[in-house]
Amino acid sequence: MTGLFPFSLRCAQTLLKSSLPLILIPGAVLFLCTMLQGRIGFEGLLPLMMFSLWLPLPLFMLLLRRQLPFLGPGDPSLAWTLSLPVPRGLHRLFTLASLFGVALILQLIVSVEVGMGIRQIHPKQELRATEILSPRPNNPPLLSKKHPIQSFSAPRGSGKGILSFQARRFLFSASGDRVRITAENPGNPPTALATIRVDEDPRRMRISMELPPKKKFLHFQLLASPHGPISFEHAPVLWLGRPLSNLETGGLLFLDTLPWVLLLVFGGFTATSFLQTRIFGLMVFGLALTPLLVPSFPRIDLAPLQAGGIPIPQFGLSFLWAFVLVPLGLFPPRRNGGGIE
Amino acid sequence: MNQEIENNRRQASPAIKVSHLGFHYPRWFHRKKQDFALQDLSFCLEEGRCLGILGANGSGKSTLLSCLGGSLIPTGGEIQWFGQQHLSVEIQRKIGFLPDAELPFPALPAGIFLEMTARAIGIPKKEVKQHCEDLLTEFGLMSAQKRPHGKFSKGMKRRLGLSVALLLNPTLLLLDEPLSGMDPIGVETIRRRLVRHKERGGTALVSTHQLEEIEDLLDRIMILDQGRIVGYGTVHEVLGKEGTWNIEIADIDEESIQNLLQPLLEKGATLHTFGPSRQALGRFLLHLHKEQ
């Protein structure tokens, strides 16, 4: 079994070498963004930078069948691999380990590059760790005299930060309305943080405040509204924490994309055992589009990025379901001389 | 000695037993009419025997060897390897299979590739280097061991593939076109290896288009056509029926040989080819190689 380590390392080395050109993609896109910077604003350039975060990994998976031509039906070296007296499941496990390792390295490098790129094109050239505060389920849709309070989970971080509002419908009101923000830890009296005068365009509002530690909720309380109730529907409230270094930015982007990486690597690897190369390519791009096609799939929200924040991943350990694909990927390739093409 | 080996062979159990073997490629893969690559093949290869598989392109030689080597699963019939129906890793360790497939990692130097494969299949680390060097020397690849094997000629790639197949000193060799792309020196190397293999009591199943190169080593030949066996027996039995003979005569000038042939032609025999032996080129190159 230990004899498979050199084989695995060799697979990793081959994959790493072939994936090196892919790390140029974010750089090329950044160059393009820099050229366009005068004509297109940050919000317009951001999707381009995010595209460069998305593209390298599917391309890397496409290279997989060419670099390791023994994974599935129709591959030119498959017969050679199957002739080796090695447990096939173990052989695939070691190959998957090398693939997974290289995919993680590639995605980390690309994430750091994209993080640097976003910082470069951001007007203030500063990125902060961002949390999207989730509203409590019993929140009223409108702030009115009858229901004057809306509550949100408090950020996990504490200390100095900025509160920002993103959705157009959030705090939709005429200017002049006043809202008080308080932090609360159940059992303790709430701490007043700020009182704000609601702007016409809430996206321009950025409220600097210092959060006390160990708080559980943030409350938004309508104090006075000469114009009637204020809509709070679909209201992502962002907490922009401390500024991030390039590595931290990359690390957060990497963690944000981790569920997608796992799906693409494990799902793609499983698919190699029964798909011919061409249809495998289509499948890889299908898997790569999962965050767009499946709304509940963990993905990076553009709203925090537009506010200059890198979202702190919210998915917890739920992405571990992707590891269920690992045993499926260990099934040896179809040996009927065909494979789905 | 020979009598003893022959007696052992008579008592030997089958290394491979094939019963009503059938294989067809999936329809979506093989759209042409000829769906069946193998049809109702049955034969038995006793330990210590050497069987040659002959046939035109597409007759099923490689498919048969792939089924025997475990890289294809038959769609019908049964294969037994050393009495076992399941091709376990233990059985695979007794088999040296040279498939008609590309070797992976073409950028890797041949020596490192061989060593990596040797480690992967469980040869102890301290034995790997010496063992690989022996094989590379035997197959004339020692001087090219630091070159990427992807840049090798076809014959050199086959020699490297053979080295891989022989890493575990298998008792059963399944060789798919081992002589393809080989120069006479390579052919001679493989011949020598097959002779040694037979002397050790090993079994071999070799597909080839170059019967003349190894026919003296083959106990039996099997001719395939469209996935069926159309001829089985010794070379003499199978090809003798055709009434065409090949004679190689040495140490004689052209005029004398023409005089020798005259009576045969008068008896109504047809002369297909006449000229210096093609094998003379091989011997000439071998002679040069030995001198070097």
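User: Is Phe297(A) buried or exposed?
Analyst: Please note that this is a predicted model. In it, Phe297(A) is buried, because its relative accessibility is 9% and buried means under 20%.
User: Where in chain A does Phe297(A) lie?
Analyst: Phe297(A) is in the loop between helix 9 (290-293) and helix 10 (302-306) of chain A.
User: And which residues is it in contact with, leaving aside neighbours within four places in sequence?
Analyst: With those neighbours left aside, Phe297(A) contacts Pro259(A), Trp260(A), Leu263(A), Thr290(A), Pro291(A) and Trp321(A).
User: What separates the C-alpha atoms of Phe297(A) and Phe315(A)?
Analyst: The separation is 9.4 Å, and the two residues are 18 residues apart along the chain.
User: Changing topic: at what angle do helix 6 and helix 7 of chain A pack?
Analyst: Helix 6 (residues 88-121) and helix 7 (residues 246-272) of chain A pack at about 145°, and their axes are 7 Å apart. The contact of these helices has 20 nonpolar, ten polar and two charged residues.
User: Is the crossing of those two helices left-handed or right-handed?
Analyst: The crossing of helix 6 and helix 7 of chain A is right-handed.
User: Now chain B. Where is Arg159(B), and is Arg159(B) buried or exposed?
Analyst: Arg159(B) is in helix 6 (residues 154-165) of chain B. Its relative accessible area is 10%, so Arg159(B) counts as buried, which means under 20%.
User: What does Arg159(B) touch?
Analyst: Not counting residues up to four places away in sequence, Arg159(B) touches Phe139(B), Gly140(B), Leu141(B), Met182(B), Asp183(B) and Gly186(B).

Notes. Residues are numbered from 1 along each chain as its sequence is written. Chains are lettered from A and ligands numbered from 1 in the order in which they are written. This is a predicted model: local features need pLDDT of at least 70, side-chain atom pairs count only at pLDDT 80 or more; totals for chains, interfaces and linings use all residues. Side-chain values use heavy atoms; hydrogens and water are left out. Axes are lines fitted to C-alpha atoms, for helices over the stretch in contact, and angles run from 0 to 180 degrees between N-to-C directions. Helices (H or I, at least four residues) and strands (E, at least two) are DSSP runs, numbered from the N terminus. A crossing is left-handed if the near helix is turned anticlockwise from the far one by less than a right angle, and right-handed if clockwise. Ala, Val, Leu, Ile, Met, Phe, Trp, Tyr, Cys and Pro count as nonpolar, Asp, Glu, Lys and Arg as charged, and the others, Gly among them, as polar. Buried means under 20% relative accessible area, exposed over 50%, partly exposed in between (1.4 Å probe, protein chains only). Contact means heavy atoms within 4.5 Å.
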